[in-house]
Amino acid sequence: MKKILVTGALGQIGTELVPYLRDKYGPENIIASSRRVKDGCEGITGGGPFELLDITNREAVRSVIKKHGVDSVYHLASMLSATGEDNPQALWDVNMNGLINILEEARQQSCSIFFPSSIAVFGPDSPKDKTPQDTVTRPTSIYGVSKISGELLCDYYHKKYGLDIRGLRYPGVISSAAMPGGGTTDYAVHIFYDAIKKGSYTCFLEENSSIDMIYMPDVLEGAVKLMEADPAKLQHRNAFNVSAITVTPKELAAEIKKHIPGFNIDYDIDPVRQAIADSWPNSLDDSAARREWGWDPQYDLKMMTEDMLRELGKKLQ
Ligand code: AKB
């Protein structure tokens, strides 16, 4: 039976990935970890093994992997694009020094790794529309620089040491359970909360800023499907483009308006996040993921919007 360590378990993806993995592999086999605990996360901290873990501390990483006999790591702990611009050194420490600690301990203790990368690896010189799997990656945000470096480091560890490392380039992730923290795509979650609570939303990106998104059920299924895929079929292995929904703030607002007719959106542009969004692709080509391991997202804009409004409606009652 697998023993899986999840870092960043109280973040947006971890909050839903941990219960998903616990259902699939048994609660005792999933070790959730986070640098600190926060209120409202008792389901994660109490529903199976939990460790307080600072991934920038190599000794601590070693001891948690040893203690639980971990054989796979879903390494989710990361700072995101917008907060990264406020503190690039802190981002480098978490995203790069944290990653090398995980890679080194995984190498020494023979673990496989899931590494989430991002559309942030692309930059102004990358093709904007249907950005290919293999193309120019010259990011201009520190987050993007850390993610492309992370991808290369993962490739290096695979090639040099034979480590089984797989990963995806996430676009914006939309979900109802936990808030995203400090990303450029966070508007696509905030808009739903404000639509339900206030009937209006002030967006920090321009109305026609197109960025790809995926909904959490597809995120969960995709990560596990990739980790369980036949390695012989994986030509890329790491850093697969994945996408499901291509949308602008204006289009997302129009979809919400079908359910909340009085909903209104206006705009107060944040120059930092707008510059990041402008440097990213309008849409991704994810055909390599579809071909090599069967990426097949189920949620389009309509289904995702209906589900978000239903789930948040219950939660915010
Ligand atoms: C962010 O906006 O920083 C993230 C991402 C696209 O990686 N959601």
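The model is predicted, so everything I say refers to computed values.

I'll start with the seven-stranded sheet. It is open, its strands pair in parallel, and the order is β3-β2-β1-β4-β5-β6-β10. At the edges stand β3, residues 50–52, and β10, residues 240–241, and each of these pairs on one side only. As background, strands of a sheet pair through backbone hydrogen bonds, either parallel or antiparallel.

At one end of that order, β2 and β3 run parallel and are joined by three bridges. Opposite S34 in this pairing is L52 of β3. A helix also belongs in this picture: α1, residues 14–25, lies across β1, β2 and β4, and it runs at about 165° to β2.

Let me stay with S34 for a moment. It sits in strand β2, which covers residues 30–34. Is S34 buried or exposed? Its relative accessible area is 10%, and because the cut-off for buried is under 20%, S34 counts as buried. Its side chain has a polar atom 2.8 Å from the backbone oxygen of R36. Setting aside neighbours within four places in sequence, S34 is in contact with L10, F50, E51, L52 and L53.

Now the other sheet. Here three strands form an open sheet in the order β7-β9-β11, and the pairing is mixed. The strands β7, residues 172–174, and β11, residues 245–247, are at the edges; each has a single partner strand, so one side of each has no neighbour in the sheet. On average, neighbouring strands of this sheet are turned by 40° against each other, direction ignored.

Where does the mixed pairing come from? On one side, β7 and β9 pair in the parallel sense, over three bridges. On the other, β9, which spans residues 211–215, runs antiparallel to β11, again with three bridges. To place some residues: I174 has Y215 in β9 as its bridge partner. M213 stands opposite I245 in β11, and I211 has V247 in β11 as its bridge partner.

How many of the five residues of β9 are buried? Five of the five are, so β9 is largely enclosed by the rest of the structure. In a regular strand the side chains alternate between the two faces of the sheet. In β9 both faces are covered: I211, M213 and Y215 are buried on one side, and D212 and I214 on the other.

Helix α7, residues 187–197, touches β7, β9 and β11, and its direction makes about 30° with that of β7. The helix is mostly covered, with eight of its eleven residues buried. Among them are Y187, V189, F192 and D194. After α7 comes G199, which has a positive phi, near 75°.

Two more residues bring in other parts of the chain. C203 lies in strand β8, residues 200–203, and with 0% relative accessibility it counts as buried. Not counting residues up to four places away in sequence, C203 touches Y187, P249, I265, D266, Y267, D268 and I269. Between C203 and T248 there are 45 residues in sequence, and their C-alpha atoms are 11 Å apart.

The other residue is G313, in helix α12, residues 301–315. G313 is partly exposed, at 27% relative accessible area.

Last, the ligand. Which residues surround it? They are L80, S81, S118, I119, Y143, Y170, P171, G183, T184, T185 and W280. For S81, an N or O atom of the side chain is 2.5 Å from a ligand oxygen. For S118, a polar side-chain atom lies 2.7 Å from a ligand oxygen. For T184 a polar backbone atom is involved, also at 2.7 Å from an oxygen of the ligand. On its own the ligand has 260 Å² of accessible area, and the protein covers 93% of it.

That is the end of the talk.

Terms used
Residues are numbered from 1 along each chain as its sequence is written. This is a predicted model: local features need pLDDT of at least 70, side-chain atom pairs count only at pLDDT 80 or more; totals for chains, interfaces and linings use all residues. Side-chain values use heavy atoms; hydrogens and water are left out. Two strands pair if DSSP finds at least two bridges between them. Helices (H or I, at least four residues) and strands (E, at least two) are DSSP runs, numbered from the N terminus. Axes are lines fitted to C-alpha atoms, for helices over the stretch in contact, and angles run from 0 to 180 degrees between N-to-C directions. Contact means heavy atoms within 4.5 Å. A residue is near a molecule or strand if one of its heavy atoms lies within 4 Å of it. A polar contact is a pair of N or O atoms within 3.5 Å; within protein, one must be able to donate a hydrogen and the other to accept it, and residues adjacent in sequence count only if both atoms are side-chain atoms. Accessible areas come from the Shrake-Rupley method with a 1.4 Å probe; for residues, only the protein chains shown count as cover. Buried means under 20% relative accessible area, exposed over 50%, partly exposed in between (1.4 Å probe, protein chains only).
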